[in-house]
Amino acid sequence: MKIKIIGIGSYIPNLEVKNTDFDKHVFLNEDGTPFGYPNEVVIKKFKGITGIQNRRYAEPQYTASDLAFFAAEKAIANAGIDAETLDYIIFAHNFGDVKTGTHQTDILPSLATRVKNKLGIKNPKCVAYDILFGCPGWIEGVLQANAFIKSGMAKRVMVIGAETLSRVVDDHDRDSMIYSDGAGVSILEASTDEAGLLSYESATYANDEANYLYFGKSYNPDLDPDIKYIKMYGRKIYEFALSNVPCAMKSCLDKSGIGIDEVKKILIHQANEKMDEAIIERFYKLYDKTAPKDIMPMSIHDLGNSSVATVPTLYDLILQGKIENHEINKGDVVIFASVGAGMNINAFVYRY
């Protein structure tokens, strides 16, 4: 038995924030000292490394569970199902619902429960819960759905990835330019044909790597040190990803029995353009191959890094024909992969 994605939907917020909108930000070093060069230089270097030109922020009246609800409605319509037939709703996020103008995380009730409520699902046997797995959360939710369906515990599962990272960033940290908001939702059920999930890989590295991403105080010493923001050791994450993600992807592909030349697309977490390109290059080198042109679609240029939402959103946009020069056709083999806080890595091989 395989499981397959029978419905997909995403919500991309309407508030577009360009790189030039950061011109007046007061960026500081970790010790609170000012940079030795102007924001124009900061922004130019940032774009050169990450590839990000624009990003989307949630409208002020919406929270992460609202974005998820909007995407969930689209996924349900795309699948053509009755929401009452869902056995599980799995919601991957990192910071819960954070309202505009606050820094407080709200996860009571769970965001999955909130989405179930907004969808008006009456069936009490539709179990709703959240998972915290960093940026790879949506993929991990898919792997849990796979286990539930194969075990007979479920027939149909909704997996959500949604986040509003723009509300947990330190405006004085240049890394704040990376993050964005969004939601992607998939619906999965057992496959009766050749389509579906073929193999998977998942791992947590929790020694020194556990703290590569963390909650820390602002770089501005004048701000309340008890208010925390998302922080990261970018260089360590970059090195970790390059050392470990290609190997995890290879292990996953080898378990599927699919040859590297059969892979049509690799949908990787939209974290950093240079990092993603290097991961794909190293992955193909493990097979003594060169990465084919257009193997890796990217949405980061205009959408930024929306954490758990990047991969399902990218998949949805490709199927809608909204990513130029990229398409996925019946029978195509696709690798989904991600890396993030944990440090967690996961991947799955999928035949469309």
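The axes of helix H2 (residues 64–79) and helix H3 (residues 111–119) come within 9 Å of each other and cross at roughly 55 degrees. Here an axis is a line fitted to C-alpha atoms, for helices over the stretch in contact, and angles run from 0 to 180 degrees between N-to-C directions. The angle makes H2 oblique to H3; angles under 35 degrees count as roughly parallel, over 145 as roughly antiparallel, 65 to 115 as roughly perpendicular and the rest as oblique. Helices (H or I, at least four residues) and strands (E, at least two) are DSSP runs numbered from the N terminus.

The model is predicted: local features need pLDDT of at least 70, side-chain atom pairs count only at pLDDT 80 or more, and totals for chains, interfaces and linings use all residues. Residues are numbered from 1 along each chain as its sequence is written, and side-chain values use heavy atoms, with hydrogens and water left out.

The crossing of H2 and H3 is right-handed. A crossing is right-handed if the near helix is turned clockwise from the far one by less than a right angle, and left-handed if anticlockwise. On the H2 side, Ala 64, Ser 65, Asp 66, Ala 68, Phe 69, Ala 72, Glu 73 and Ile 76 meet Leu 111, Arg 114, Val 115, Lys 118 and Leu 119 of H3, where contact means heavy atoms within 4.5 Å. By class, the residues of this contact are 8 nonpolar, 1 polar and 4 charged. Ala, Val, Leu, Ile, Met, Phe, Trp, Tyr, Cys and Pro count as nonpolar, Asp, Glu, Lys and Arg as charged, and the others, Gly among them, as polar.

A second pair of helices is formed by H5 and H6. Their axes come within 9 Å and cross at roughly 40 degrees, and the two helices are therefore oblique to each other. This crossing is right-handed. The H5 residues in the contact include Ile 237, Tyr 238, Ala 241 and Leu 242, and those of H6 include Lys 274, Met 275, Ala 278 and Ile 279. The contact of H5 with H6 has 13 nonpolar, 1 polar and 3 charged residues.

Helix H6 (residues 273–285) has 13 residues and reaches 18 Å from its first C-alpha to its last, close to the 18 Å expected at 1.5 Å a residue. The expected span is 1.5 Å times one less than the number of residues. Glu 273, Met 275, Asp 276, Ala 278, Ile 279, Ile 280, Phe 283 and Tyr 284 of H6 are buried. Buried means under 20% relative accessible area, exposed over 50% and partly exposed in between (1.4 Å probe, protein chains only). The cover over the buried residues of H6 includes helix H1 (39–50), helix H5 (234–256), strand E11 (263–268), helix H7 (300–303) and strand E12 (333–340).

Helix H8 (residues 310–319) is mostly covered, with 9 of its 10 residues buried. Among the buried residues are Val 311, Leu 314, Tyr 315 and Ile 318. Gly 321 follows H8 and has a positive phi, near 75 degrees.

Two loop residues were examined individually. Ile 81 lies in the loop between H2 and strand E4 (88–92) and is buried, with a relative accessible area of 14%. Apart from its neighbours within four places in sequence, Ile 81 is in contact with Ile 6, Ile 76, Leu 86, Arg 156 and Ile 187. Thr 100 is in the loop between E4 and H3 and is partly exposed, at 44% relative accessibility. With the neighbours within four places again set aside, Thr 100 is in contact with Pro 60 and Arg 167. Thr 100 and Arg 167 are 67 residues apart in sequence, and their C-alpha atoms are 6.9 Å apart.

The peptide bond from Leu 108 to Pro 109 is cis, with omega near 0 degrees, and Pro 109 is in the loop between E4 and H3. Gly 342 and Met 343 are also joined by a cis peptide bond, with omega about -5 degrees; Met 343 is in the loop between E12 and strand E13 (344–351). Asp 288, although not a glycine, has a positive phi of about 55 degrees. Asp 288 lies in the loop between H6 and H7 and is exposed, at 74% relative accessibility. Asp 294 has a positive phi near 65 degrees, is located in the loop between H6 and H7, and is partly exposed, with a relative accessible area of 34%.
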